[in-house]
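I am opening my notebook on a structure that is new to me. Come along while I look a few things up.

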Amino acid sequence: MARIASRLSALLVLLLVVSACASIPESSEPRAVKDVGGDNSTPQALPKPNGSDPLALVRSFVDSGAYPERGHEAARAHLDRGHYGSWSPPPGLLVVENVDTIPTAQPMPLPEGVQLVTVQADKVGRLLADSSFVPEHGEFSMRLRVERRADGQWRIATPPPQLVASTNSFTKVYRPVPVYFLDHDHTGVAPDLRYVLAQPSSTLPRRVIDLLTTGPSVAMRDAMRTAIPAGVHTKTNTSEARDGALEVNLSQLGDIPPETRRLIAAQVVFSLQGVSNARVRLKEEGTPLLADGKDLRPTDLAQYEVDNKPRSDLPGLAVVSERLVTLDESARPIPGPAGSGEYDVVRAGQSPQGDRLAAVTRRPGGVVLRVGDFGAAMAETSVVGAYMSKPTWRGDSEVWTVVDSRDVARMVRTDGQWERQQVDLSALGPGRPITDLQLSHDGTRAAVIVDGTIVVAGVTENNGRVALSNPVPLPAPQQVAVTALDWRADDALAVVTDSNTVPVYDVSVDGFRWKPYTASNLGQPINAVTVGPGGKVVVADGNAIWESSDTDDVWALMPVPIGGASIPFYPG
């Protein structure tokens, strides 16, 4: 209300001083481009802001803030001569939306040719110096002094200490690209989402490889590792050879085993697949990186990505009337006591390869976690409480669950026995209830629901101690509360909220993208969300189980004889 009142007051001043107020529209969501082809020119230069009134000048300044060429020349063109050459904003960029430029009321008249303009906006997030994005929340305001030069042109005389850009300009200039590092057990690859300049597109491979050789983003540096030795860089520019292959020539790697070289190849090839369809020719100091010397495509290294994917041939399962059944047209109970009704199953999770189960089952006074082989008896563990979240797996020998909204139990299989180990949650802060936690398939991240808000954190291991590190809240649009989530991919989430109008979102792992699914056919409350093969999102409300393959699709009934109030889940 305070902001509305201030804007009404500013509007009154506006009517007395100028004739219009400038507003910057919100932008569409960024979408990945799959090849290098297309316009390889440099970004089109923005026109100089000559002839702009003070409000339009400041609006144009915010619209130009995302363009980094020639030392942010596009933004500098809006400054007076004294600041044109001296303005030196730090690395990074604040991204804002719903931007208004309004005249600032003053108790005393300003000198002729001077106006104060206030920028009011909503924060979206910040592009950091390492090219990663972190969300920020709240209102943003800055006041700029604008002066008229002798030639009649208005220019900003007090530039801000940081770069500020509208979402519209940010999505025009930058594009998201997953850069791949190693997963939690260093046997596969895991994405680290970064933002690179979209044009000229011919330089995209070089920009991606530069990010790869400098290592994971600051937020993920403790949770991800790289097979590329420290100090390694490209010896020549990453560019297309005459035969169309994309050539990456690395400096001396040292004495490393063949499997490490294969991991390096996987990191390079999967990182480049987001910006090029070309074959990749990997070299070390001009000689082939791998013994066979052949050009590579992602399919040649699929084992390093498949390593972190659950089996796609498994049908999924569902908790129905406190027993487990298959999530298919037969809906038959699974073998063993979890399917027969001997256990009163509340929630459950299946290991990625499908050979093990973890189930939260009822016991006198609360619930207990059971873990065992699929179809067999499942022994009770030492994990008991009044509430537990859906078990989530990290590989096939480690399972986690939230206990009583404050602790996380980590069960690890050692020498044929399941042992409980604690997870350090101190980085999340005290006193706020934790209702769900789901581990990414690559094991490097945890998506946690803390008091209705998504928090994404790295999973770090140090001397046997496991902790959640560098937690980043992902505030939801319209202040809706998040009630459930699952990993749609290792860099994206399927998220359920308490909203009737937007009950399900597709969310990027960094929180920049919140793309709503249609609400058609769904009713609240939604009991569960899970993601099946191919990224198909499945939700269960009070009436039925629904599925959708795209945010624009109408939710369709899943062809299974299972009603509402069930809890479907796929391995992972």
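Here are my entries, going from the whole chain to a single sheet.

**Entry one: getting my bearings.** I am working with a predicted model. I looked up the secondary structure of the protein and found nine helices and 36 strands.

**Entry two: overall dimensions.** I checked the box that the C-alpha atoms fill along the principal axes, and it comes to roughly 85 × 65 × 45 Å. Then I turned to the radius of gyration, which is 27 Å; this agrees with a compact globule, because 572 residues packed that way would give a value near 25 Å.

How much of the protein counts as buried? I found 53% of the 572 residues in that class. The protein exposes about 24,500 Å², and I noted that carbon and sulfur atoms supply 50% of that area. Of the contacts between residues at least 6 apart in sequence, 56% join residues at least 24 apart.

I looked up 54 positive and 66 negative charges, and their mean positions lie 5 Å apart.

I picked out an open sheet of eight strands with mixed pairing, and wrote down its order as E20-E21-E22-E23-E27-E26-E25-E24. Which strands stand at the edges? They are E20 (392-393) and E24 (434-439); each has a single partner strand, so one side of each has no neighbour in the sheet.

Strand E21 (residues 398-403) runs antiparallel to strand E22 (residues 407-414), and I found six bridges joining them. Val 399 stands opposite Met 411 in E22.

Methods. Residues numbered from 1 in each chain as written. Predicted model: local features only at pLDDT ≥ 70, side-chain atom pairs only at ≥ 80, totals over all residues. Heavy atoms only, no water. Helix = DSSP H or I, 4+ residues; strand = E, 2+ residues; numbered from the N terminus. Rg over C-alpha atoms; globule rule 2.2 N^0.38 Å. Buried < 20%, exposed > 50% of the residue type's maximum accessible area, 1.4 Å probe, protein only. Contact = heavy atoms within 4.5 Å. Areas by Shrake-Rupley, 256 points an atom, 1.4 Å probe, with all protein chains shown as cover. Lys, Arg positive; Asp, Glu negative; His and termini not counted. Charge placed at Lys NZ, Arg CZ, Asp CG, Glu CD. Pairing = 2+ DSSP bridges.
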